[in-house]
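User: I would like to go through this structure with you. Could you take my questions one at a time?

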Amino acid sequence: MIKKLHEILTKLYTKANKPFSGIGILICDDTRNLPISPLYNSQADIIGSNLFEQLLDLSSYKNLHHDGFHILSSNLNITHTAQYFYPKPQENFFLNAENGHGVRYFVAKIGSTLPNVKYAVIVGGSYGVCIFKDGQEIKVDKND
């Protein structure tokens, strides 16, 4: 599953319209205890016949729902869009602000430590594709 998602996100990163808003994704099958809140009163109309097309549309600045984190089930179906995700760091969790990353990066890193989150993923202009599991980067494709 993570290999397939990585392929899709790498394609998204290289094919996305510029400027690219970036994207945050959580892989999670049970959202009941996630610290999330919808950013909008409506769910996004998911446009596209496959996950790549859907994420491409959701990552466009033209799409109202481009912001926040999108949640995918472990079978890679979009279950929630544009969620404000506010995980609290565990005690002794270290964030290095000197590495030049922003809030989305830190939220994904912290969020990947939550019990129901299998992976947290971000794709952005300055860092490429980053996949986190248990607070650690497990796959990073930097923008060279």
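**Salt bridges and strand pairing**

Analyst: One point to begin with: Asp29 has a relative accessible area of 44%, so Asp29 counts as partly exposed. Please note that the model is a predicted one.

User: Which residue forms a salt bridge with Asp29?

Analyst: The partner is Lys118, and the closest N and O atoms of the two are 2.9 Å apart. The pair links distant parts of the chain, 89 residues apart: Asp29 lies in the loop between strand 1 and strand 2, and Lys118 lies in strand 5 (residues 117-124).

User: And Lys118, what is its relative accessible area?

Analyst: The value is 33%, so Lys118 is partly exposed.

User: How many salt bridges are there in the whole structure?

Analyst: The search finds two. Besides the pair of Asp29 and Lys118, there is a salt bridge between the side chains of Asp30 and Arg32, at 2.8 Å from N to O.

User: Is Arg32 buried or exposed?

Analyst: Arg32 is exposed, because its relative accessibility is 70%. Asp30, with a relative accessible area of 24%, is partly exposed; the cut-off for buried is under 20%.

User: Let us change topic. What pattern does the protein follow along the sequence?

Analyst: The order is α-β-β-α-β-β-α-β-β-β, with three helices and seven strands in the protein.

User: Which strand pairs with strand 3 in the parallel sense?

Analyst: That is strand 1 (residues 23-28), which pairs with strand 3 over four bridges. In this pairing, Leu26 has Ile71 of strand 3 as its bridge partner.

User: What stands opposite Ile71 in strand 4?

Analyst: His80 does. Strand 3 (residues 69-72) and strand 4 run antiparallel and are joined by three bridges. The two strands form a hairpin with five residues between them, and Leu76 in the turn has a positive phi of about 65°.

User: Which way do the residues of strand 3 point?

Analyst: Phe69 and Ile71 point one way, while His70 and Leu72 point the other way; all of them are buried.

User: Where else does strand 4 have bridges?

Analyst: Strand 4 (residues 78-85) is also joined to strand 2 by three bridges, and these two strands run antiparallel. One of the partners is Phe85 in strand 4, which is paired with Ile36.

User: Now the surface. Which residues make the nonpolar patch?

Analyst: Leu39, Tyr84 and Tyr86 make a nonpolar surface patch of about 310 Å². Leu39 sits in the loop between strand 2 (36-38) and helix 2 (51-58). Its relative accessibility is 36%, so Leu39 counts as partly exposed.

User: Finally, what radius of gyration does the protein have?

Analyst: The protein has 14 Å, which agrees with the value near 15 Å that a compact globule of 144 residues would have. Along the principal axes, the C-alpha atoms fill a box of roughly 40 × 40 × 25 Å.

User: And what share of the contacts is made by residues 24 or more positions apart?

Analyst: Such residues account for 59% of the contacts in the protein with a separation of 6 or more.

Definitions and conventions:
Residues numbered from 1 in each chain as written. Predicted model: local features only at pLDDT ≥ 70, side-chain atom pairs only at ≥ 80, totals over all residues. Heavy atoms only, no water. Patch = residues over 30% accessible without salt bridge, like charges linked within 9 Å, V, L, I, M, F, W, Y side chains within 5 Å. Areas by Shrake-Rupley, 256 points an atom, 1.4 Å probe, with all protein chains shown as cover. Salt bridge = Lys/Arg side-chain N within 4 Å of Asp/Glu carboxyl O. Buried < 20%, exposed > 50% of the residue type's maximum accessible area, 1.4 Å probe, protein only. Pairing = 2+ DSSP bridges. Rg over C-alpha atoms; globule rule 2.2 N^0.38 Å. Contact = heavy atoms within 4.5 Å.
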